[in-house]
Structure formats: C-alpha cells, structure tokens
Amino acid sequence: MKTYFGRKTCPECRMSYDIAAPECPNCHHRNDEPELDALFGHHVRIGPIRQLVFFGIGLAGLLLLNLIATIIFEVVAISNNPGMSQAELIDYMSTPGINLGVSSISYIALFAIFGLLLWVNWKQVGKSFLGWKPYVAALVGLGVLYGFGVLYSLLLQGIYGAAGRPLPGVNGNERALREMTVMSPALALIVFGVVGPFCEEMTYRVGLFGFLSRLGRIWAYVLTALIFGFIHFGWRTIGTDAFFDELANIPPYIFAGIAFGFLYDRYGFAASFMAHTANNLISLALTASGKQ
Ligand SMILES: [Zn+2]
C-alpha cells in the first residue's frame, strides 16, 4: 500500500515540499497527484512534522501545563498558609475549585499555543465551517453517538444484571468533571465544552489522525480511536475494584474516537469539532441543571 511520507519537487519552481500537500507552498502550483483530494481533501493540510508536534503538544504539553499550574496553586496555598501540613495541602489541592483552576489555566494556555501553531492554517480551519454539510454531519454524528450510548447502557444493564452486580459508576474522569461543573457552570461550559474539545480535535484529529492517514486510513481509524479511548482511562485504578468500572467506560470513548475520526476525515474539522463540543455541552448542561 502506498504511504505518503517524504517530499516531492515542484515541476514549476523546483522547490521540494510535503508529498501530501495540496499545492507548492512557494509558487502555489497544484500538487497533481490525483488521489490526494480523496485521501486528505477534508483534512487541515499540515506537514508530517507539524502533525506530530500537534499530537505531542496536545498530549505531553497538556501534562506539563497541568504540572506548572499545579505548582503555581501549591506555592500560592503555602505562602497564604505557611503552617499547612502535607496532608492538608493534598486535601486542598484535590478540591473541585482548585481542579477547575488548574484545568482552566492548562486548557486555555494550550488553546493559545495551538492558535499560534496553526498560524497560516487558520484560514483552512475557518473554511471548514462553510456550507451546510459539516453542520448536518455533526448533527447526524451526535445522534449516532447518543444511539450508541443508549444501546451500550442497555448492554451493560443486561451483563451486570445477569451477574447480579451493581451497575458500574461513572469513571474518575467523569466524576471530577461533574464536581467542577456543579461548582462553576459557566467556566466549566467554556473550558470543557468548547476549549477542551477544540484542543482535543487539534491533538487527535489534525495531529494524530492526519499523521496516521499517511500510512493508510485503517491505521488512522484504529490507532486514533484506541489512543483516544485509553487516554480517558484512569490508570491509577489498576489493582482496585474501580478498575472494572473504568474498563466498562472505555468502549463509548473508543466509539466516539471512531465517530469523530469519520467526521473529520469525510466532512472536515468543523464537523468533528462541532459534534465533540455539542456532545460535551449537552452533558455539562445536564450536570449543571442537576439532571445527571
Ligand atoms: Zn513551486
């Protein structure tokens, strides 16, 4: 199977450029490989190095930003209350307010970094919002996601019911999110409803999915969905009872990874971003109104 790494030489100006790019970045002569539009036509067309950078920044960069924000909050807490014991500090740092502060600072900083990294590609991102297709695709995608959610919860009820076990609770990721949302709904809607999905779409679709598509579509779908699923997994629950609840919560994330991948691949950034953001906003709004 043909892969799309490496560079080609522009027949017009002799400059070498990314083999999967839509045109020569120097003289704008069209890259005339006929299959490119079918393969990458709806993607945000950035080079393979930048695709890896997007993925790396979204993954390791977010962890680093989290760490920096955590240290800032700890330093402030200790300077305001020098007599604080280690245990008191740990308790204080795990309150919803501090969690929300750390998440907000990290996600907003990551959003700004992606904004700078996109630079000349903002136009492409903006263009993906034109026309009616991405909106309809996002809406249908959202419906499919909810359909899967309903079927999966029926399946879990069946399995757990037959085994005589109580249904798995929400996973740790979800629980922390709910506490923060109840505390400060407006900030949670902005950070987890809009900024978070934007950063995740840049990381997993523009970065990871785009890079793996150069190997072939199947690699992009399978690996992105698996990584997207296991990134939402609470690894600290290994060896505890909560481990099985975490495991039971994985398939919906993997399914969401496939669905967002399909929307990005076939309808562009706007479609996967809008489906992702709408999905999160609905769930956050239900939590904030006390219905979930
Ligand atoms: Zn050229």
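This is a predicted model: local features need pLDDT of at least 70, side-chain atom pairs count only at pLDDT 80 or more; totals for chains, interfaces and linings use all residues.

Q: What makes up the protein chain, in helices and strands?
A: There are 12 helices and two strands. Along the sequence the pattern reads β-β-α-α-α-α-α-α-α-α-α-α-α-α. The C-alpha trace spans about 70 × 55 × 35 Å along its principal axes.

Q: How do you know which residues coordinate the zinc ion?
A: A donor is an N, O or S atom within 2.8 Å of the metal. The SG atoms of Cys 10, Cys 13, Cys 24 and Cys 27 sit at 2.3 Å, so they count as donors. Their spacing in sequence is C-x2-C-x10-C-x2-C. Cys 10 lies in the loop between strand S1 (7-9) and S2, and Cys 24 in the loop between S2 and H1. These two residues are 14 residues apart.

Q: Why do Cys 10 and Cys 24 count as buried?
A: Buried means under 20% relative accessible area. Cys 10 has 0% relative accessibility, so it is buried. Cys 24 is also at 0%, and therefore buried.

Q: What makes Tyr 17 buried or exposed?
A: The cut-off for buried is under 20%, and that for exposed is over 50%. Tyr 17 has 2% relative accessibility, so it counts as buried. Tyr 17 is found in strand S2. From Tyr 17 to Arg 7 the C-alpha distance is 5.0 Å, with the two residues 10 apart in sequence. Across the protein chain, buried residues make up 39% of the 292 residues.

Q: How do you know where the second largest pocket lies relative to domain 1 (1-41) and domain 2 (42-288)?
A: Look at the lining. Both domains give residues to it, so the pocket lies between them. The second largest pocket holds about 1,000 Å³ of space. Its lining has 37 residues, with Pro 22, Val 44, Arg 45, Asn 121 and Gln 124 nearest its centre. Elements that give two or more residues to this lining include strand S2 (16-18), helix H1 (36-40) and helix H2 (48-80).

Q: What is the lining of the second largest pocket made of, by class?
A: It has 14 nonpolar, 12 polar and 11 charged residues.

Technical notes
Residues are numbered from 1 along each chain as its sequence is written. Side-chain values use heavy atoms; hydrogens and water are left out. On a 1 Å grid over the protein atoms alone, a cavity is a set of points where a 1.4 Å probe fits but cannot get out, and a pocket is an open set with protein on both sides within 12 Å along at least five of seven lines; lining residues have an atom within 4 Å of a point. Grid points are joined across faces, edges and corners, and a volume is the space filled by probe spheres set on the points. Helices (H or I, at least four residues) and strands (E, at least two) are DSSP runs, numbered from the N terminus. Ala, Val, Leu, Ile, Met, Phe, Trp, Tyr, Cys and Pro count as nonpolar, Asp, Glu, Lys and Arg as charged, and the others, Gly among them, as polar. Domain bounds come from an automatic or database domain assignment. Donors are N, O and S atoms within 2.8 Å of the metal (3.2 Å for Na, K and Ca); water is not among the atoms, so sites may look incomplete. Buried means under 20% relative accessible area, exposed over 50%, partly exposed in between (1.4 Å probe, protein chains only).
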